[in-house]
Amino acid sequence: MKVAIVGAAGRMGGRLIQAVMETDGLELSGAVERPGHPHIGTDAGLLVAVGKLGVPITDDLAETMKNADILIDFTFPDVTLKNLEICASLGKMVVSGSTGFTPEQNEQVRKYAKQIPVVLAPNMSVGVNACFKLLKEAANILGDDFDVEVVELHHNQKKDSPSGTAVRMGEVVAETLGRDYNQVANYHREGMCGQRSKEEIGMQTIRGGDIVGEHTVYFIGMGERIEISHRAMSRDMFARGATRACQWLQDKKSGLYDMQDVLGLS
Ligand code: NAD
């Protein structure tokens, strides 16, 4: 299957190029960056120091997708929506790891996914997706007696906050406890803000240095505390998750899928 990568020169881009090269049945056929990026024209293989692959980085996604079956997109919501529009018009599949979509943007993603198969997941790692399952289990057992707080740490270049993964973790707990995440998520405590409500789910963010990504959900009771944590040590497992999603998606019908579907956990 021929794969094109958009955001090829980004932090995830290099890991994705490497992962595509290492995955059976996948072949890198294109690499795309934003217009004006200094790496336009550079061979994609030189970004990961494997030598030339004969795949120059371009700024023309529509042209690149003519020679690809599937697009891997790790960019940003507004860019991803434009990419989905192009892929939908060409009938090409998309695996996107972009994060930070608003509810309105998610609605637009769903619209494009009626025309083509799409995997969209805020976190492509197997470990984080196992955590989603564990959180459901923990929330079911602990019920309303435990206060829930989510804390996430990322590098100082990250644009969206809290991370898409942290939001998904909060949503999983809220859904399991019969709460509406948008009503109970509390992103901000400052000054005389009053005592914590029983229903709220605190969402705390730390940014600094080169932290790849860490998430902990605290279930805090009287005299005891459970912590479910995931720490990413490198970006390679996100990239391997994306190539696994490509392999899984190739015989699927149009629709919107996530990593729980890819991993058979849904
Ligand atoms: P980055 O800023 O290092 O890379 C993004 C790349 O996209 C940049 O090289 C940028 O030039 C390129 N880009 C921007 N606009 C473009 C356009 N119009 N056309 C083509 N390319 C364009 O960011 P990153 O750390 O690689 O993360 C990228 C995205 O992936 C973010 O949304 C991040 O939150 C997400 N992410 C998801 C996962 C996951 O598992 N789902 C893991 C890590 C990061």
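Visitor: Hi! Which exposed residues does α4 carry on the face turned away from its buried side?

Guide: Hello! Those are Lys82 and Ser89. Keep in mind that this is a predicted model.

Visitor: And which residues of α4 are buried?

Guide: Pro77, Thr80, Leu81, Asn83, Leu84, Cys87 and Ala88 are buried in α4.

Visitor: How do those buried residues sit when you look down the axis of α4?

Guide: They fall within an arc of 165°, so the buried residues line one face of α4. Lys82 and Ser89 are on the face turned away from that buried side.

Visitor: Nice. What span should α4 have, and how far apart are its end C-alpha atoms?

Guide: Helix α4 covers residues 77–90, which is 14 residues. At 1.5 Å a residue it should span 20 Å, and its end C-alpha atoms are 20 Å apart, so the two agree.

Visitor: Let's switch to the ligand. Which residues come nearest to the ligand?

Guide: There are 22 residues around the ligand, and Arg11, Glu33, Thr75, Thr99 and Met124 come nearest.

Visitor: How do the residues of that shell divide into nonpolar, polar and charged?

Guide: The shell has ten nonpolar residues, eight polar ones and four charged ones.

Visitor: Where does threonine 75 come in, I mean which of its atoms is 2.8 Å from a ligand oxygen?

Guide: That is a polar backbone atom of threonine 75, 2.8 Å from an oxygen atom of the ligand. Methionine 12 also uses its backbone: an N or O atom there lies 2.9 Å from an oxygen atom of the ligand.

Visitor: What about lysine 158, backbone or side chain?

Guide: For lysine 158 it's the side chain, where an N or O atom is 3.1 Å from an oxygen atom of the ligand.

Visitor: How much of the ligand's accessible area does the protein cover?

Guide: The ligand has 860 Å² of accessible area on its own, and the protein covers 84% of that.

Visitor: New topic. Is leucine 16 buried or exposed?

Guide: Leucine 16 is buried, with a relative accessible area of 0%. You'll find leucine 16 in helix α1, which runs over residues 11–22.

Visitor: How far is leucine 16 from valine 128?

Guide: Their C-alpha atoms are separated by 18 Å, and the two residues are 112 residues apart along the chain.

Visitor: Okay, and alanine 245, where is that found?

Guide: Alanine 245 is in helix α9, residues 236–249. Alanine 245 is buried, and its relative accessible area is 0%. Along the chain, alanine 245 and valine 119 are 126 residues apart, yet their C-alpha atoms are separated by 7.0 Å.

Visitor: Which residues does the cis peptide bond with an omega of about -10° join?

Guide: That cis bond joins serine 161 and proline 162. Proline 162 lies in the loop between β7 (147–154) and α7 (164–176).

Visitor: What about alanine 49, what is its phi?

Guide: Alanine 49 has a positive phi of about 55°, although it is not a glycine. Its place is the loop between α2 (44–47) and β3 (57–58).

Visitor: Why does alanine 49 count as exposed?

Guide: Its relative accessibility is 70%, and exposed means over 50%.

Visitor: Proline 56 next. Where does it lie?

Guide: Proline 56 lies in the loop between α2 and β3. At 44% relative accessibility, proline 56 counts as partly exposed.

Visitor: Last one: which helix does arginine 168 lie in?

Guide: Arginine 168 lies in helix α7. Arginine 168 counts as partly exposed, at 25% relative accessibility. Arginine 168 and glycine 97 are 71 residues apart in sequence and 13 Å apart in space, C-alpha to C-alpha.

Conventions. Residues numbered from 1 in each chain as written. Predicted model: local features only at pLDDT ≥ 70, side-chain atom pairs only at ≥ 80, totals over all residues. Heavy atoms only, no water. Near = heavy atom within 4 Å. Polar contact = N/O pair within 3.5 Å; in protein donor to acceptor, adjacent residues only side chain to side chain. Areas by Shrake-Rupley, 256 points an atom, 1.4 Å probe, with all protein chains shown as cover. Nonpolar A, V, L, I, M, F, W, Y, C, P; charged D, E, K, R; others polar. Helix = DSSP H or I, 4+ residues; strand = E, 2+ residues; numbered from the N terminus. Expected span 1.5 Å × (residues − 1). Buried < 20%, exposed > 50% of the residue type's maximum accessible area, 1.4 Å probe, protein only. Arc of directions from axis to C-beta.
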